[in-house]
Amino acid sequence: MAERDRPQPHQVQVHTQSRYDQGGGMKSVLPKKGPSTSQVLAVVTLLPVGGTLLALAGLTLVESLIGLAVTTPLFIIFSPVLVPATILVGLAVTAFLTSGAFGLTGLSSLSWVVNFLRQVSGSMLDLAKSRMGDAAIQVGQKTKETGQTIQQKAPEGKESTGGRT
């Protein structure tokens, strides 16, 4: 039993492979077969597209730098007007977004209250119905008792008035 618990040694086989052919030289480093036709077509097709996009990106960068160089003096000259206007627009946007958030919060709160009242109203309605039924029974009993009391006192009243109606 103790022999099964001990870890058994593993046998490892090592095969050495030369990365380079025995011939040596630069040719042994390069792949033995050339690129496929689809790879060549992909490079031929995408090279002009990539070059064109790179040229457009460079032109856009140059145009942005020229525009910045032209408008910087205007920003400096008009900064006493632009800074307060920017602050005002920023505050107006902030107020608009805040009012929308408050409105959304109010609507969601109102929706929650309505759903809560709908859930509670079923049990409350049953409770109100049972209380109204109990009140109706009590009123009926009181009416019956009052009617009986009146019937008992009616003959007494006739006797005390002397039989006149």
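**Reading the aromatic pair and its surroundings**

Colleague: How many aromatic pairs does the rule give here?

Modeller: A pair of aromatic rings is described by the distance of the centres and the angle of the planes. In this predicted model, the count comes to one aromatic pair. That pair is Trp-112 with Phe-116, and it is stacked, at 5.5 Å centre to centre and 10° between the planes. (Rings of Phe, Tyr and Trp, the last by its six-membered ring, pair if their centres lie within 6.5 Å; planes under 30 degrees apart are stacked, over 60 edge-to-face, and the rest tilted.) Residues are numbered from 1 along each chain as its sequence is written. Local features need pLDDT of at least 70 and side-chain atom pairs 80 or more, while totals for chains, interfaces and linings use all residues; side-chain values use heavy atoms, without hydrogens and water.

Colleague: Where in the chain do Trp-112 and Phe-116 lie?

Modeller: Both belong to helix α3 (residues 79-161), four residues apart, about one turn of the helix. The chain has three helices and zero strands, in the order α-α-α from the N terminus. (Helices, H or I of at least four residues, and strands, E of at least two, are DSSP runs numbered from the N terminus.)

Colleague: Why does Trp-112 count as exposed?

Modeller: Trp-112 counts as exposed because its relative accessibility is 56%; Phe-116, at 40%, counts as partly exposed. (Buried is under 20%, exposed over 50%, partly exposed in between, with a 1.4 Å probe and protein chains only.) Of the 165 residues, 1% count as buried.

Colleague: Which residues make the nonpolar surface patch?

Modeller: Leu-46, Val-49, Leu-53, Leu-56 and Leu-59 make a patch of about 500 Å². (Patch residues have over 30% relative accessible area and no salt bridge, which is a Lys or Arg side-chain nitrogen within 4 Å of an Asp or Glu carboxyl oxygen; like charges are joined within 9 Å, and side chains of Val, Leu, Ile, Met, Phe, Trp and Tyr within 5 Å.) Leu-53 lies in helix α2 (residues 37-77) and, at 54%, is exposed.

Colleague: What does UniProt list for "transmembrane region"?

Modeller: The unreviewed entry lists residues 40-62, 74-93 and 99-117; such annotations may be inferred rather than shown by experiment. Residues 99-117 are 100% helix, with end C-alpha atoms 27 Å apart.

Colleague: Where is confidence lowest in the chain?

Modeller: Mean pLDDT (the predictor's confidence in each residue, from 0 to 100) is lowest in helix α1 (residues 2-5), at 62, and highest in α2, at 92.

Notes
Areas by Shrake-Rupley, 256 points an atom, 1.4 Å probe, with all protein chains shown as cover.
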